Amino acid sequence: MIGTVESSEHASAPVLAAYSYCEAVTGQQARNFAYGIRLLPTPKRRAMSALYAFSRRVDDIGDGALAVDVKVTRLEETRAVLARIHEGAVEEDDTDPVAVALAHAATRFPIPLGGLDELIDGVQMDVRGETYETWDDLKTYCRCVAGAIGRLSLGVFGTEPGARGADRAPEYADTLGLALQLTNILRDVREDAEGGRTYLPADDLAKFGCSAGFSGPTPPEGSDFAGLVHFEVRRARALFAEGYRLLPMLDRRSGACVAAMAGIYRRLLDRIERDPEAVLRGRVSLPGREKAYVAVRGLSGLDTRHVTRRAVRRRA
């Protein structure tokens, strides 16, 4: 069984190798996420990589080309691995490096591992092909696949001792996850449609004449696609504004990590707002230099100070 250690530098060779594997997965498959966690001290960066690698495994099952019954089986097998981690039953020499790394991280940080069960629940919703009539329906899904990740990440970050309102930190982390997920949904609307998935609420699609879906590089005839996108952008911005209240509760480097990841997605949102139809022509992304700027801005604490000033003005 993996025991608690004072620092990951003193961990065994198998544990360090497991972390290295997770960091490689993160660097190769999660460029936006990897940009943010570079700002963390080594133990937190490794723990976040372990969380990402496990989450990626779950997502890949849901997104893959396997038959539905095989996906269901694989997800339950993954849930069983998670149960072993919960129970402290993963040995350092286990053949699953992701399980080894996550089990070790869970001994170092108060990670609410039940959030990964929620992630599996959300991916099962994808496998079943669920659609969403209202925003409240979609929020349930987003809380599983993204809000839970926010709460899991908070377990690694922790809050500053004596931070004002820290009891609401999990709520803000959850809301920030929703903001990121809604941005993802807007960015990937064409790609998801090609895969047979529709995430935007049916009520919203009908309101803007987009119920026919997004099968090509142009909006449905007679629709107000720009209106739909701008409506969802405003919703995402409100979620970001609420979720950003988390920043002053975090230490400097954890706050920088969150500000960097959220900042990249907020800039994606800006691009989508300026040219809504771009999401139908291809994937909207940021160049590396712009991501680097966002990371520097996060490390400087500008976003945290801005949120703090707004909070002071509200209390005045």
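The model is predicted, so local features need pLDDT of at least 70, side-chain atom pairs count only at pLDDT 80 or more, and totals for chains, interfaces and linings use all residues. Residues are numbered from 1 along each chain as its sequence is written, and side-chain values use heavy atoms, with hydrogens and water left out.

The protein chain holds 15 helices and zero strands, where helices (H or I, at least four residues) and strands (E, at least two) are DSSP runs numbered from the N terminus. Further totals for the chain are tabulated here.

| Property of the protein chain | Value |
|---|---|
| Buried residues (under 20% relative accessible area, 1.4 Å probe, protein chains only) | 51% of 316 residues |
| Accessible surface (Shrake-Rupley method, 1.4 Å probe) | about 14,300 Å², 51% of it from carbon and sulfur atoms |

Within helix α8 (residues 169-187) lies Thr175, which is buried, with a relative accessible area of 9%. Apart from neighbours within four places in sequence, Thr175 is in contact (heavy atoms within 4.5 Å) with Leu239, Glu242 and Gly243.

Helix α3 (residues 42-63) packs against helix α5 (residues 97-108) at an angle of about 135 degrees, with the axes 9 Å apart; the axes are lines fitted to C-alpha atoms over the stretch in contact, and angles run from 0 to 180 degrees between N-to-C directions. The two helices α3 and α5 are therefore oblique to each other, a class left over once angles under 35 degrees (roughly parallel), over 145 (roughly antiparallel) and 65 to 115 (roughly perpendicular) are set aside. On the α3 side, the residues that meet α5 include Phe54 and Arg57, and on the α5 side the partners include Leu102 and Arg108.

Conventions: Buried < 20%, exposed > 50% of the residue type's maximum accessible area, 1.4 Å probe, protein only.
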